[in-house]
Amino acid sequence: MTIQTTTHLNFRGDARQALEFYHSVFGGHTVVNTYADFGMPAEVPGSDKVVFGLVAAENGFRVMGYDIPGETEGPIAGGGSTRRENGITITDQALFVSLGSDTLEELRGYWDALAVDAVIVEPLAASAWSSGFGMLTDRFGVTWSISVTA
C-alpha cells in the first residue's frame with residue numbers, strides 16, 4: 001500500500017497567483033477551478049476565486065491551493081511570522097512546507113526562485129544535520145523549510 005500527502009494551502013484571494021508562482025518554480029502542470037466553474041453565478045463577488053487548485057510536477061512536488069470565500073486581503077490562513085532568534089526558530093504559524101532533495105544543486109534552484117520577494121529566516125547553507133538547510137517565508141506568507149535529505 002502507498003500513501004501520498006499533499007499540502008493544501010488556504011489563501012485570502014491570491015490562490016491563483018500563488019499556484020502560478022509555484023508552477024513557475026517547480027514545473028509540472030496546474031489545475032485551477034473557480035467557484036463559477038462549479039456553479040456559482042458569475043455575477044456573484046468571488047465567483048472568479050479558486051475553489052480547487054493544484055500544481056503537480058513529475059519530480060513528486062504537489063501543492064493545492066484554495067481561496068477562502070469572502071476573504072480578499074491578508075496573509076495565508078494560519079499566517080503569522082517565523083524568525084530566528086538566539087539560534088532557535090520562533091514561530092506562531094500553523095505549518096511549514098518542507099522541501100527535501102538529495103542534492104544541494106537541485107535545492108539551490110528552488111531556493112533562488114522561492115526567495116524572490118521572500119523573507120529569509122535562515123539562509124540556505126550547511127547545518128549540523130544537513131549539507132544544505134534554509135528557511136524562508138515566500139511572498140504569499142508560506143514558510144518553506146528546505147533541506148538536503150541525503
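Is Arg 84 buried, partly exposed or exposed, and what is its relative accessibility? In this predicted model, Arg 84 counts as partly exposed, at 33% relative accessibility, a value that lies between the limits of 20% for buried and 50% for exposed residues. The side chain of Arg 84 meets that of Glu 122 in a salt bridge, with a distance of 2.8 Å from N to O. This pair links distant parts of the chain, since Arg 84 belongs to strand S5 whereas Glu 122 belongs to strand S8 (residues 119-125), and the two are 38 residues apart. Glu 122 is likewise partly exposed, with a relative accessible area of 23%.

Side chains of opposite charge can pair when their charged atoms come close, and a search of the whole structure finds three such salt bridges. A further one is formed by Arg 12 and Glu 71, whose closest N and O atoms are 2.9 Å apart. Here too the pair links distant parts of the chain: Arg 12 lies in the loop between strand S1 (7-11) and helix H1 (15-26), Glu 71 lies in the loop between S4 and strand S5 (82-85), and 59 residues separate them. Glu 71 is partly exposed, with a relative accessible area of 31%. The remaining salt bridge joins Arg 83 to Glu 85, with the closest N and O atoms 3.1 Å apart. Arg 83 counts as partly exposed at 39% relative accessibility, and Glu 85 falls into the partly exposed class at 36%.

Rolling a probe the size of a water molecule over the atoms shows where empty space is left. In the present model, the largest pocket holds about 330 Å³ of space. Its lining is made up of 18 residues, of which Gly 60, Phe 61, Arg 62, Ser 98 and Leu 99 lie nearest the centre of the pocket. The elements that give two or more residues to this lining are strand S4 (62-67), strand S7 (97-101) and helix H2 (104-114). Strand S7 provides the largest share, with five residues. When the lining residues of the largest pocket are sorted by class, nine are polar, seven are nonpolar and two are charged. Gly is counted among the polar residues in this classification, so Gly 60, one of the residues nearest the pocket centre, falls within the polar class.

Definitions and conventions. Residues are numbered from 1 along each chain as its sequence is written. This is a predicted model: local features need pLDDT of at least 70, side-chain atom pairs count only at pLDDT 80 or more; totals for chains, interfaces and linings use all residues. Side-chain values use heavy atoms; hydrogens and water are left out. On a 1 Å grid over the protein atoms alone, a cavity is a set of points where a 1.4 Å probe fits but cannot get out, and a pocket is an open set with protein on both sides within 12 Å along at least five of seven lines; lining residues have an atom within 4 Å of a point. Grid points are joined across faces, edges and corners, and a volume is the space filled by probe spheres set on the points. Helices (H or I, at least four residues) and strands (E, at least two) are DSSP runs, numbered from the N terminus. A salt bridge is a side-chain nitrogen of Lys or Arg within 4 Å of a carboxyl oxygen of Asp or Glu. Buried means under 20% relative accessible area, exposed over 50%, partly exposed in between (1.4 Å probe, protein chains only).
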